[in-house]
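Hi everyone, thanks for making time this morning. I'd like to walk you through a structure, so please have a look at the screen while I talk.

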Amino acid sequence: MLHRTPPHRLDPETIAHLRGLSELLDSRWRVPGLGWRFGIDGIASIIPGIGDTATGVISAYLIWQAARIGVPRSTLLRMAANTGVDWAVGSIPVIGTLFDFVFKANTKNMELLNRHLDTFESLAIERYRNQP
């Protein structure tokens, strides 16, 4: 059985803040008629290197907060890989800008964080049900 550490320093306001940042970076606005969603990451990548580095710093903050919450190292590495791919490919002029409109690293990272939190919520519910 895999031993997991329960989340600590879990504050609903922190989670809401992280979700808001993720949405701002990846999907805040929608292209009318097409339904494509984009955020600041896609817009910032118009400035090759600088824009992607700036949004990468914010993405790193999301990963740092996930580490403070207690997300396992393996999940943090996957989050870092998502952010690294987003930064590396997104820094390529023109192609990177198009890539940033499609690849949503922060959305993927929030899904990983949510999966971690859901695991412990499910365990807590199960413990509660099994109490005598």
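Predicted model: local features only at pLDDT ≥ 70, side-chain atom pairs only at ≥ 80, totals over all residues.

As for what surrounds Thr97, if we set aside residues up to four places away in sequence, Thr97 touches Gly42, Ser45, Ile46, Gly90 and Ile92.

Now let's step back to the whole chain. There are six helices and two strands. Reading from the N terminus, the order is α-β-β-α-α-α-α-α. The chain has 132 residues, and 36% of them are buried. If you take the contacts with a separation of 6 or more, 61% are between residues 24 or more positions apart. The accessible surface is about 8300 Å², and carbon and sulfur atoms account for 65% of that.

Next, a pair of helices. How do α3 and α4 pack? Their axes are 10 Å apart, at an angle of about 175 degrees. An angle over 145 counts as roughly antiparallel, and α3 and α4 are therefore roughly antiparallel to each other.

Asn82 is buried, with a relative accessible area of 16%. What does Asn82 contact, leaving aside its neighbours within four places in sequence? The partners are Phe103, Ala105, Lys108, Asn109 and Leu112.

Let's follow the chain past α4. Val94 sits in the loop between α4, residues 73–90, and α5, residues 95–102. Val94 has a positive phi of about 65 degrees, although it is not a glycine. Val94 counts as exposed because its relative accessible area is 60%, and the cut-off for exposed is over 50%.

Where is Ile46 placed? You will find Ile46 in the loop between α2, residues 40–44, and α3, residues 50–69. Ile46 is exposed, because its relative accessibility is 56%. Ile46 also belongs to a nonpolar patch on the surface, together with Trp29, Ile40, Ile43, Ile47 and Ile50. Together, the residues of that patch have about 570 Å² of accessible area.

Last stop: charged side chains. How many salt bridges does the structure hold? There is one. The side chains of Arg28 and Glu23 form a salt bridge, with a distance of 2.9 Å from N to O. Arg28 is partly exposed, with a relative accessible area of 34%. Glu23 is partly exposed as well, at 28% relative accessibility.

Methods:
Residues numbered from 1 in each chain as written. Heavy atoms only, no water. Patch = residues over 30% accessible without salt bridge, like charges linked within 9 Å, V, L, I, M, F, W, Y side chains within 5 Å. Areas by Shrake-Rupley, 256 points an atom, 1.4 Å probe, with all protein chains shown as cover. Salt bridge = Lys/Arg side-chain N within 4 Å of Asp/Glu carboxyl O. Helix = DSSP H or I, 4+ residues; strand = E, 2+ residues; numbered from the N terminus. Buried < 20%, exposed > 50% of the residue type's maximum accessible area, 1.4 Å probe, protein only. Axes fitted to C-alpha atoms, helices over the stretch in contact; angles between N-to-C directions. Parallel < 35°, antiparallel > 145°, perpendicular 65-115°, else oblique. Contact = heavy atoms within 4.5 Å.
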